[in-house]
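Student: I have a structure open and want to go through it piece by piece. Can you take my questions as they come?

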Amino acid sequence: MRHIMAGIIARGSLWIPLFALLSGAIQAADLQKPGAHPRLLFTAKDIPGLRAKLDTPEGKLIWSRLKNFADKSLIEPVPAWDAVPKQGASKRPSMWYNEFVGYRLWASSMAYVLTADATYRDVTKQGLLALAGWPDFYDSDEGMSLGFCHVLGGYSFAYDCLYNE
């Protein structure tokens, strides 16, 4: 397992869902509690265990990568629609830009969960509010795409993490 995790971390992929794997399984009873948040990848009762795992060698490596990415959100937060770089005839953001936006929301919201640092909470809230002002998350006139999924996934996860804030 450690060898598989190291490979995932080295490639930089799936590092946030990895925290859910480290935290253990979510019990079905926890998901049935009305209004309980977070609930998508972990529950509130999992958070102390996630924070404790930051002191392990794997946790330190994961936190280093996550913090680096979350800190980029502080420098370049999610912009309002008018400031989004657009391309082509559709005048929409590229798939890669939407991916960047979605991952920034994943990272900043997870950093807030792990540290309770209001700086991460505030930049995540700002990103959620900025995205709420976008007309849609499409990166082409053809509708949904991979970029759309990245934005929607990041938005959903961030909203779940900050639901009680």
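Predicted model: local features only at pLDDT ≥ 70, side-chain atom pairs only at ≥ 80, totals over all residues.

Student: OK. How many helices and strands does the protein chain have?

Tutor: The protein chain has eight helices and zero strands. Read along the sequence, the pattern is α-α-α-α-α-α-α-α.

Student: What share of the residues counts as buried?

Tutor: Of the 165 residues in the protein chain, 44% count as buried.

Student: And the surface, how much of that belongs to carbon and sulfur atoms?

Tutor: Carbon and sulfur atoms hold 60% of the accessible surface, which comes to about 8800 Å² for the protein chain.

Student: What about contacts between residues 24 or more positions apart? What part do they make up?

Tutor: They account for 71% of the protein chain's contacts with a separation of 6 or more.

Student: Now packing. At what angle do α5 and α7 pack?

Tutor: The angle is about 60°, and the axes of α5 (residues 57-75) and α7 (residues 118-132) are 9 Å apart. That angle makes α5 oblique to α7.

Student: Is the crossing left-handed or right-handed?

Tutor: α5 passes α7 in a left-handed crossing.

Student: Which residues meet there?

Tutor: From α5 they are Lys67, Ala70, Asp71, Ser73 and Leu74, and from α7 they are Thr119, Tyr120 and Val123. By class, this contact of α5 with α7 has four nonpolar, two polar and two charged residues.

Student: And α7 with α8, how do their axes lie?

Tutor: The axes of α7 and α8 (residues 146-161) come within 10 Å and cross at roughly 130°. The two helices are therefore oblique to each other. The crossing of α7 and α8 is left-handed.

Student: Which residues are in that contact?

Tutor: Thr124, Leu128, Leu131 and Ala132 of α7 meet Val151, Tyr155, Ala158 and Tyr159 of α8. Sorted by class, the contact of α7 with α8 has seven nonpolar residues, one polar and no charged ones.

Student: Last one. How far is Gly49 from Leu114?

Tutor: Their C-alpha atoms are separated by 9.8 Å, while Gly49 and Leu114 are 65 residues apart along the chain.

Terms used
Residues numbered from 1 in each chain as written. Heavy atoms only, no water. Axes fitted to C-alpha atoms, helices over the stretch in contact; angles between N-to-C directions. Helix = DSSP H or I, 4+ residues; strand = E, 2+ residues; numbered from the N terminus. Parallel < 35°, antiparallel > 145°, perpendicular 65-115°, else oblique. Left-handed = near helix turned anticlockwise from the far one by under 90°. Contact = heavy atoms within 4.5 Å. Nonpolar A, V, L, I, M, F, W, Y, C, P; charged D, E, K, R; others polar. Buried < 20%, exposed > 50% of the residue type's maximum accessible area, 1.4 Å probe, protein only. Areas by Shrake-Rupley, 256 points an atom, 1.4 Å probe, with all protein chains shown as cover.
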